[in-house]
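Hi,

Here is the structure I promised to pass on. Have a look at it first, and then read on for what turned up when I went through it.

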Amino acid sequence: IRQGKVWDQKKVQSFIDDCLEDKLISIKERSYINFKIVDKEKFIGLLMLKKMKGEWYLTIMIKRDFQNQGYFSKTLMELRKLMNEYFPRVEKMIVETHASNKVMVYILDRKMVFHQDKKIGKIAVRQYYFYLRPYTYMLKTEYSDPTELEAILNKQGWQRGNKNPDFLYVEGRYQYDKRLYSVVPYLKNLTNENKRAFTSKENLYRQLKSKGYMMKSYSLDLDKQPFTQLKNKVDNKVWILKPSEGWAGKGIKMIIAEKDLEKLNPDDRYRKWVMQEYITKPYLFQKKKFHLRCMFMLRDNGEGYIFKYMPAYLAKEEYSIDYRNLEEHISHYDPGQKAIYFPTSFKLKPEQITYIMAQIIIIFKDVMQLTDLACYPKIERCYEIFGADLMLTDELEVKLIEINEKIGLKEFKDGKIKF
């Protein structure tokens, strides 16, 4: 029963003797406790608790004949009652399983909180926390309806908490609300400043400029250089000039000739700018230019996820080569726009969609290599959802425009997807 090995009679007897000896000691004084799991007269398995270095470790062994019948979950419920009775001050226990045990990893991923991967000797082990009390949450939202989020969490047995909750969820202006800095949750939906490696337009281009999915870009710091410093870069091409720290289309300008740079006046709100080569042959949707907003989530453990439906935001007017008309060339969110999602709203062949998605996956694998995302001090686990703006050329090549941390969770009025 340990590492796939059967105990011999000597080991079995030693185990029985230890249990009988422990029975003479009060449960509250023990550091090693074993319980039989029974259902009426049926012997189901063993529940084993061990205290080491101030932490309680939990092992549940269900006999093969009774597996996949709900006894694991029922045992966890009974365990909470036992621990609350005998050890009410213990908040969580540690559960370990072999990383190679895919079935157990699947079960624990859904019933417990992943803590870490480690090695015991040469054996790869996955460690989880099992909480003996309901999880608590604190929600500070600007875009989302908190009652909807609470309904999801409450359904799973969570409770609202006001001081150091297990999960702190923040949006919009609350992301950097200093009043929340003293709150130390286990999990937070915010990563540390390492994300600047890709959320800064300047940093993103500098690190990925050799990639074919990046348009040529130049950076400018107005505290050091004027706009005219970029005149020799125009080279009879069309460019888009935007603040390095800007978002939601604010401050964007079209550059068609050198004289356009000469006419610009410095904007005190933005000191750092990026001039990016413009995509003059875009793929159009109903004759209009658009960009896709790809939501992707990064976790502090190095995992990344892409949300499979990407809203397409259209320009207001049909596309032409009149680059002075921003209404034709700047696509942005409009809540009144008809809901359009990639790939479901697009008349593309399956092989074309596969081709586009393969490019998108390559892009985000590259982005994930730019930095090691981590949590803020004292917070054990974290994740963050970012919004990447992507465009398609008329040959269905994907271009990465920028990555935003202020995503707004914007939805179409008639959209079926609730971000």
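Let's start with the sheet: six strands make up an open sheet with mixed pairing, in the order E1-E2-E3-E4-E6-E5. Strand E1 (32-39) and strand E5 (113-120) sit at the edges with a single partner strand each, so one side of each has no neighbour in the sheet. On average, and ignoring direction, neighbouring strands here are turned by 30° against each other. Before you read too much into any of this, keep in mind that the model is predicted.

Inside that sheet, strand E4 (residues 92-98) and strand E6 (residues 123-131) run antiparallel and are joined by seven bridges. As a reminder, strands of a sheet pair through backbone hydrogen bonds, either parallel or antiparallel.

Next, a pair of helices. At what angle do helix H2 (residues 71-86) and helix H3 (residues 102-111) pack? The angle is about 45°, and their axes are 12 Å apart. The crossing of H2 past H3 is right-handed. On the H2 side, the residues that meet H3 are Phe72, Ser73 and Leu76, and their counterparts in H3 are Met104, Ile107, Leu108 and Lys111. By type, the residues of this contact are five nonpolar, one polar and one charged.

Asn68, in the loop between strand E3 (55-62) and H2, has a positive phi of about 60° although it is not a glycine. Asn68 counts as exposed because its relative accessibility is 79%. Gln286 is another such case, with a positive phi of about 50° and again not a glycine. You will find Gln286 in the loop between E14 and strand E15 (290-299), and with a relative accessible area of 57% it is exposed.

There is also a cis peptide bond, from Phe342 to Pro343, with omega near 5°. Pro343 belongs to the loop between strand E18 (341-342) and H9. Why flag these spots? Most residues other than glycine have a negative phi, and most peptide bonds are trans.

Now for some buried positions. Is Thr136, at 18% relative accessibility, buried or exposed? Thr136 counts as buried, because that value is under the 20% cut-off. Thr136 lies in strand E7 (residues 136-140). Setting aside neighbours within four places in sequence, Thr136 is in contact with Trp158, Gln159, Gly161, Pro165, Asp166 and Phe167.

Helix H6 (residues 201-208) has buried residues too: Lys201, Asn203, Leu204, Tyr205 and Leu208. What do the buried residues of H6 pack against? Their partners include helix H5 (196-199) and helix H9 (350-368). On the strand side, the buried residues of H6 pack against strand E11 (217-221), strand E12 (239-243), strand E14 (272-277) and strand E20 (398-404).

Cheers

How values were computed
Residues are numbered from 1 along each chain as its sequence is written. This is a predicted model: local features need pLDDT of at least 70, side-chain atom pairs count only at pLDDT 80 or more; totals for chains, interfaces and linings use all residues. Side-chain values use heavy atoms; hydrogens and water are left out. Helices (H or I, at least four residues) and strands (E, at least two) are DSSP runs, numbered from the N terminus. Buried means under 20% relative accessible area, exposed over 50%, partly exposed in between (1.4 Å probe, protein chains only). Contact means heavy atoms within 4.5 Å. Axes are lines fitted to C-alpha atoms, for helices over the stretch in contact, and angles run from 0 to 180 degrees between N-to-C directions. A crossing is left-handed if the near helix is turned anticlockwise from the far one by less than a right angle, and right-handed if clockwise. Ala, Val, Leu, Ile, Met, Phe, Trp, Tyr, Cys and Pro count as nonpolar, Asp, Glu, Lys and Arg as charged, and the others, Gly among them, as polar. Two strands pair if DSSP finds at least two bridges between them.
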